[in-house]
Amino acid sequence: MEKIDVLFSEEMITKRVKELANEFYLKYHDEEVVFVCTLKGAVFFACDLLKNYRGDARLEFLRVSSYEGESSTGKINLKLPLKAENIHGKHVIIIEDIVDTGYTLEYITKYVNDMKPKSMITCTLLDKKARRVVDINPDYSGFVVDDLFVIGYGLDYDQKYRNLPYVGVVVKE
Ligand code: IMP
């Protein structure tokens with residue numbers, strides 16, 4: 001395997017996930033929440049958030065794609081839709097892996113909003129603020145990350161590296 005520089009260690013991620021799960025619990029406490037995990041990248045983040053969430057929670061999955069290799073194609077394709085009855089009238093937290101240009105988050109928030117949730121907030125593990133094209137910001141983020149192509153903890157480069165327990169960058173030699 002290539003050399004990888006660790007940016008956010010397993011310990012840093014675990015600590016931050018617990019903080020976010022507690023913030024969500026303080027916000028919703030006795031009201032049920034639907035965590036909408038965007039596949040595939042957010043899968044570990046969403047599962048860890050759920051495991052640390054003490055209130056009533058459901059988990060739904062959504063899959064969109066726009067990336068090939070290291071670049072966004074800009075065109076969002078819906079690969080796995082949500083069922084409107086699982087969203088309508090519910091408190092929804094959209095869980096993303098990383099917000100880069102913002103096209104994906106913009107698409108997903110419009111898509112979910114059209115299903116008329118009771119409330120909707122967005123949470124991303126990583127916010128690559130410097131690359132934003134669309135005027136959209138996640139409500140919660142794990143970490144702000146520089147303009148680097150990152151991998152691990154669910155994030156891939158052409159489907160590789162998702163299984164790393166930390167977030168890092170591949171060192172190009
Ligand atoms: P956006 O639509 O440009 O904001 O891109 C969002 C999606 O692009 C994310 O959900 C990721 O799947 C992918 N992506 C963006 N930056 C990275 C990265 O640094 N590593 C891995 N995937 C990325």
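One oxygen atom of the ligand sits 2.5 Å from a side-chain N or O atom of T104, a polar contact (a pair of N or O atoms within 3.5 Å). Keep in mind that this is a predicted model: local features need pLDDT of at least 70, side-chain atom pairs count only at pLDDT 80 or more, and totals for chains, interfaces and linings use all residues. Numbering starts from 1 along each chain as its sequence is written, and side-chain values use heavy atoms, with hydrogens and water left out.

- For D97, the distance from a side-chain N or O atom to a ligand oxygen is 2.6 Å.
- K128 has a side-chain N or O atom 3.0 Å from an oxygen of the ligand.
- The protein covers 92% of the 490 Å² of accessible area that the ligand has on its own (Shrake-Rupley method, 1.4 Å probe).

The shell
- Around the ligand there are 16 residues, with D97, T101, G102, T104 and V150 the closest (a heavy atom within 4 Å counts as near).
- Strand 5 (91-99) and helix 3 (103-113) are the elements giving two or more residues to this shell (DSSP runs: helices H or I, at least four residues; strands E, at least two; numbered from the N terminus).
- Strand 5 supplies the largest share, 4 residues.

V64
- V64 is part of strand 3 (residues 57-68).
- V64 counts as buried because its relative accessibility is 11%, and the cut-off is under 20% (1.4 Å probe, protein chains only).
- Beyond neighbours within four places in sequence, V64 touches several residues, including T104, Y107 and I108 (contact means heavy atoms within 4.5 Å).
- V64 and Y107 are 43 residues apart along the chain, with 9.2 Å between their C-alpha atoms.

Methods
Polar contact = N/O pair within 3.5 Å; in protein donor to acceptor, adjacent residues only side chain to side chain. Buried < 20%, exposed > 50% of the residue type's maximum accessible area, 1.4 Å probe, protein only.
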